[in-house]
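Here's a quick tour of one protein model, written for someone just getting started. Have a look at the picture, then read on.

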Amino acid sequence: MSLPNPPAMMDQLQEVKIPFAAGVVESLQAGDLISLTGTLFTGRDQTHRRMMALLDEGADLPVDLAGQLLYYVGPSPARPGQVIGAAGPTTSYRMDVYTPRLLDLGLMATMGKGSRSQTVREAMVRHKAIYLAAFGGAGALLSKCIVEAEVVAFADAGPEALFKFSVQRFPAVVINDVHGRDYYEMVKSGKDAPR
Amino acid sequence: MREIEAALITEAVKKITMEAGVRLEPDILEGLVSARDSETSGLAKNILELLLVNADIAAREKIPVCQDTGVAVVFIELGQDVHINGDLGEAIQQGIQAGYQEGYLRKSVCDPITRVNTGTNTPAVIHIELVPGEQIRIIVLPKGCGSENMSGLTMLPPSSGISGMKDFVVRQVVNAGPNPCPPLLIGVGMGGTFEKAALLAKKALIRPLGKHHSRPDVAALEEEILTRINEQGQGVQGLGGNNTALAVHIDLFPSHIASLPVAVNIQCHAHRHKEIVL
């Protein structure tokens, strides 16, 4: 089998800087293919449980998530000389129970894979927040889009630590936009023209 | 009687664990290529291409194909004329631990109550079967849980029959939607008992991708269910197209006259599996 070339799609993505400039989140539409450049924070199951425990105690979160993008990922360890190991998205619904509370604190976007609950979708519309899907199972390729990685909190949780990533041209699909549209639903109901 | 040192088993398990994490087997690569070639959606075709690039980067740079390097499921077919010098279970666990550590694979196993990570990716889930002969066949299946979580089991009344079974499998995949990282491999265990059906479904995953069951009626069912799943249009990553699943593998076992257990084990496209025979 010959080595495949990177798909042309990767050069045709709409470039988006993160954290988002004013008006950018509102301009993105369900189904848009984008590439992210800038900084984001990460978290998955334990990260969220620990953040919720801090909030329950009335403490501050280790980072201010207002205006930020939170990426659901538990990276594999970096080999010597690598920035990070494989770092593709984990399934997002497990974070649904925690997400509205973070949106209340100003979190502007989340990124993972798979559908969000109705409660999260409604909270996103209320807060003008969006949800993105990264390409699941492409963790080796996506690691190439992460140029810096630093543990910010919960280091003892290993892959479930809260990282800060600097990303360059990290590909994603807009699933839920600020207008309440859900791209997975649009595909399922045939409301989106085949791409 | 053949004697095998436990240390040899540890070494073999470590080796195939490290390889499985970063290198997709030819059957799954061919499955992704043929999905790409048959794909009707432009976006899905691009994503399938991207998954092939991902597999290439992973193998060349020894980066895991997917960061979820799984809970290690280990199938052992142990020849009854083999004598192992040492503790077989311990030898396997040590091989898993060393493979995850030295292969820079993610440790994802935790206590189910405290959720504290064991730090070693052990214990692995081990299934041992005694077979004739004096060889040991070891298969490591690092099972990612985005897909594992979408699996299910039902105890159908026999009156539901084949059509009940087909509906359950298709519904399980449709309800999973984009969560388990389609395109998928669907393992189905039909018959036996509660636990037997689940194990059949899991074991069906390690059959070479798309190789049909030897019974023609079962092979026809595999084909029919695959077609039905792919007609739903959820497609690659739930973003549309005609490749929601790459294959359906069904395994059977006779069941009680009152019973029709059906288990569906969902596997993602990053279907890592590796075997070695000692």
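Is Arg115(B) buried or exposed? Arg115(B) is exposed, because 12 other C-beta atoms lie within 10 Å. (The cut-offs: buried takes 20 or more other C-beta atoms within 10 Å of a residue's own, exposed takes 12 or fewer, partly exposed is in between, and the C-beta atoms are placed from the backbone.)

Before going further, some ground rules. This is a predicted model, where local features need pLDDT of at least 70 and side-chain atom pairs count only at pLDDT 80 or more, while totals for chains, interfaces and linings use all residues. Residues are numbered from 1 along each chain as its sequence is written, and chains are lettered from A and ligands numbered from 1 in the order in which they are written.

**The sheet**

- Chain B has an open sheet of four strands in the order E6-E9-E7-E8, and the pairing is mixed. (Strands are DSSP runs of E with at least two residues, helices are runs of H or I with at least four, and both are numbered from the N terminus; two strands pair if DSSP finds at least two bridges between them.)
- At the edges sit strand E6 (152-156) and strand E8 (245-253) of chain B, each pairing on one side only.
- On average, neighbouring strands of this sheet are turned by 15 degrees against each other, direction ignored. (Axes are lines fitted to C-alpha atoms, for helices over the stretch in contact, and angles run from 0 to 180 degrees between N-to-C directions.)
- Strand E7 (residues 184-191) of chain B runs parallel to E8(B), and eight bridges join the two.
- Gly191(B) has Phe253(B) in E8(B) standing opposite.

- As background, most peptide bonds are trans and most residues other than glycine have a negative phi.
- Thr122(B) and Pro123(B) are linked by a cis peptide bond, with omega near 0 degrees.
- You'll find Pro123(B) in the loop between helix H4 (88-102) and strand E4 (125-131) of chain B.
- Another cis bond joins Pro182(B) to Pro183(B), with omega about 15 degrees.
- Pro183(B) belongs to the loop between helix H6 (161-176) and E7 of chain B.

**Positive phi values**

- Arg115(B) is not a glycine, yet its phi is positive, near 65 degrees.
- Arg115(B) sits in the loop between H4 and E4 of chain B.
- Lys62(B) also has a positive phi, near 55 degrees, and lies in the loop between helix H3 (42-61) and strand E2 (71-79) of chain B.
- Lys62(B) counts as partly exposed because it has 18 C-beta neighbours inside 10 Å.
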